[in-house]
Amino acid sequence: MDAHALRRQGWTISAIARHLERDRKTIRAYLNGEAIIPHPPGEEIQFDWLELPDPPGEWGVGVNAHLLVGALAHSGRWRAVLAESEDLPHLVQGLDQAVRKLGGTARRWRFDRMATVCYPSSGQVTAAFAGVAKYYGVGVDVCPSRRSNRKGVAGKANHSAAQRWWRTVPDGLSAEQAQSGVDKLSVRMDVRRRAIDGVRTMVAELAAAEPLLGIPALPFPAQLSVERTVTAQSLVPFDGNFYSVPPGLPGPG
């Protein structure tokens, strides 16, 4: 995506190659569509975090909200989940919700070198996340350093979410309403046209034919930790609902 964006800005192939630290032949082949990585049906889901600047103040999440995007690499179908943080428990919660929205999971999950999944220096999956992958019966692939094009499908989904949804989210909209909005957008995007081996089809048709694996009945047990303000009525908001706490605890906590 970076190579195409720089080319549209008028950069030469040599300049793009120097900027991205790639060989000129590689950049030229990629821009000509000759370096596409094959993705068999049902083989891979690409996951990526999209940081969302200036969320509505009512959300209480600070300067950024976070959107976990999961995209089927073969068909291009994607679904996304809003999260308050990019820590491991929120990542696990988002992964579970994303694959349920997709209707199943591919055999392998691909990530960049996020510290919640692997040791960034080596790319080796952490023991904690290996347990998550085992629970869902999937393998984990970590992108090599400086090889962000390995997650090009997720990158395109990020762009769609940022341009077609986040820019339209008004102040005062609840996180639950915003989640509903991105859900609707991702479903609408299923009607995109695709060409596979010269045959024109739609994302929805390709996704329907992907042989996805089943998902455990219950999510992986991950303990979330969030900050909330207790109301004067001793209620705490969480995931669109209010929960009562013992009296005498109003305020942040």
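Guide: This is a predicted model, where local features need pLDDT of at least 70, side-chain atom pairs count only at pLDDT 80 or more, and totals for chains, interfaces and linings use all residues. Residues are numbered from 1 along each chain as its sequence is written, and side-chain values use heavy atoms, with hydrogens and water left out.

Visitor: How many helices and strands does the chain have?

Guide: The chain has 8 helices and 11 strands. Helices (H or I, at least four residues) and strands (E, at least two) are DSSP runs, numbered from the N terminus.

Visitor: What makes the chain as compact as a globular protein of its length?

Guide: The radius of gyration is taken over C-alpha atoms, and the globule rule is 2.2 Å times the number of residues to the power 0.38. For 253 residues the rule gives 18 Å; the chain has 20 Å, which is close, so it is as compact as a globular protein of that length. Along its principal axes, the C-alpha trace spans about 70 × 40 × 40 Å.

Visitor: Why is Asp190 called buried?

Guide: Buried means under 20% relative accessible area, exposed over 50%, and partly exposed in between (1.4 Å probe, protein chains only). Asp190 has 6% relative accessibility, so it counts as buried. Asp190 sits in the loop between helix 7 and strand 6 (193-196). Leaving aside neighbours within four places in sequence, Asp190 is in contact with Arg77, Arg79, Met202, Val203 and Ala204. Contact means heavy atoms within 4.5 Å. Across the chain, 40% of the 253 residues count as buried.

Visitor: Is Gly10 buried or exposed?

Guide: Gly10 is at 55% relative accessibility, so it counts as exposed. Gly10 lies in the loop between helix 1 and helix 2. From Gly10 to Pro56 is 46 residues in sequence and 36 Å in space, C-alpha to C-alpha.

Visitor: What is the strand order in the open sheet of 5 strands?

Guide: The order is 3-2-1-4-5, with mixed pairing. Two strands pair if DSSP finds at least two bridges between them. The edge strands are strand 3 and strand 5 (139-142), as each pairs on one side only. The twist averages 25 degrees from one strand to the next. Axes here are lines fitted to C-alpha atoms, for helices over the stretch in contact, and angles run from 0 to 180 degrees between N-to-C directions.

Visitor: How do you know that strand 2 and strand 3 pair?

Guide: They are joined by 6 bridges, and the definition asks for at least two, so they pair. Strand 2 (residues 64-72) and strand 3 run antiparallel. Gly70 stands opposite Arg79 of strand 3. Their hairpin has 5 residues between the strands, and there Gly76 takes a positive phi near 90 degrees.

Visitor: In which sense do strand 4 and strand 5 pair?

Guide: Strand 4 (residues 108-111) and strand 5 pair in the parallel sense, over 4 bridges. Phe111 has Val142 of strand 5 as its bridge partner.

Visitor: Why is strand 3 called largely enclosed?

Guide: In strand 3 (residues 78-83), 6 of the 6 residues are buried, so the strand is largely enclosed by the rest of the structure. In a regular strand the side chains alternate between the two faces of the sheet. Here Trp78, Ala80 and Leu82 point one way, while Arg79, Val81 and Ala83 point the other way.

Visitor: Which helices lie against these strands?

Guide: Helix 4 (residues 88-102) packs on the sheet, touching strand 1, strand 2, strand 3 and strand 4. Its direction makes about 150 degrees with that of strand 3. Helix 7 lies across strand 2 and strand 3, at about 170 degrees to strand 3. The buried residues of helix 6 pack against strand 1, strand 2, strand 3 and helix 7 (175-188). Among those buried residues are Gly152, Ala154 and Gly155.

Visitor: What stands out about the phi of Asp54?

Guide: Most residues other than glycine have a negative phi. Asp54 is not a glycine, yet has a positive phi of about 55 degrees. Asp54 is in the loop between strand 1 (44-53) and strand 2. With a relative accessible area of 65%, Asp54 is exposed.
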